[in-house]
Amino acid sequence: TTSNIPIMILPGGGSCIIPVIVNAAAATVDWKFNIGTTLYQGQSSLPDITYDITTAPPLSVFDYLGDNLAGDEFSFTLIDLAGGILANEQYASTSTFTSNAGAFYFFDLANTIDLSAEPAIPPAAAVGNMVFRITSHSIATKTIIGTFSGTAFDAISNTTKTISAGTFTARYQ
């Protein structure tokens, strides 16, 4: 982007124009996934990790929220029954809360997609079959990195969509 900035030489006198070129930094991509050949991606907007030590064993809940310039919103929740949300752990939307659970949500601003994959308490059935895998969790840098893929239900088209090549990087406080 080029901005022209006029500079006054003398009071009441002439001025000159100095062009200033500003290069905006590219947006950081913290999450992305595909539905078919369509890529959705954006930045995290509210990563938050909470440890609940009042339950036995300690329960960890990780909530992640992201969006993008198109106004699409992406979120997921991971529930770790033993605490920690550690590398090589898996979280599934088909969990019956006897193992780690994960929930996935995505909708676009154009209101053409409204996806969910979430566990249910039996006898109700889970919605979708999404699996999250933690590839690393650095407590020193407070960063969790992972992948996800599977299926989610689209409430608008009343169909199941396949999610592939999902990745996320979350920095918490």
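Of the protein's 173 residues, 34% are buried (under 20% relative accessible area; over 50% is exposed and anything in between is partly exposed, with a 1.4 Å probe and protein chains only). What you're looking at is a predicted model, so local features need pLDDT of at least 70 and side-chain atom pairs count only at pLDDT 80 or more, while totals for chains, interfaces and linings use all residues. Residues are numbered from 1 along each chain as its sequence is written, and side-chain values use heavy atoms, with hydrogens and water left out.

**Overall build**

- The protein has 13 strands and zero helices, where strands (E, at least two residues) and helices (H or I, at least four) are DSSP runs numbered from the N terminus.
- Reading along the sequence gives β-β-β-β-β-β-β-β-β-β-β-β-β.
- Take the contacts (heavy atoms within 4.5 Å) between residues at least 6 apart in sequence: 46% of them join residues at least 24 apart.

- Strands β6 (residues 59-67) and β7 (residues 73-80) run antiparallel and are joined by eight bridges; two strands count as paired if DSSP finds at least two bridges between them.
- On its other pairing, β7 runs antiparallel to β9, with seven bridges joining them.
- Glu73 is a handy landmark here: Asp67 stands opposite Glu73 in β7, and Glu73 also stands opposite Phe107 in β9.

- Asp108 is in the loop between β9 (101-107) and β10 (114-117).
- With 9% relative accessibility, Asp108 counts as buried.
- Setting aside neighbours within four places in sequence, Asp108 is in contact with Asp72 and Ile113.
- The C-alpha atoms of Asp108 and Ala70 are 7.9 Å apart, though 38 residues separate the two along the chain.

**The salt bridge**

- The structure holds one salt bridge (a side-chain nitrogen of Lys or Arg within 4 Å of a carboxyl oxygen of Asp or Glu).
- The partners are the side chains of Asp30 and Arg171, at 3.6 Å, N to O.
- This pair links distant parts of the chain, 141 residues apart: Asp30 is in the loop between β2 (15-21) and β3 (31-35), and Arg171 is in strand β13 (residues 159-171).
- As for the setting, Asp30 is buried, with a relative accessible area of 9%, whereas Arg171 is partly exposed at 47% relative accessibility.
- In general, side chains of opposite charge can pair when their charged atoms come close.

- Ile85 is not a glycine, yet its phi is positive, near 45°.
- You'll find Ile85 in the loop between β7 and β8 (90-92), and Ile85 is buried, with a relative accessible area of 0%.
- Asn158 isn't a glycine either, and its phi is positive, about 60°.
- Asn158 lies in the loop between β12 (143-154) and β13, and at 58% relative accessibility Asn158 counts as exposed.
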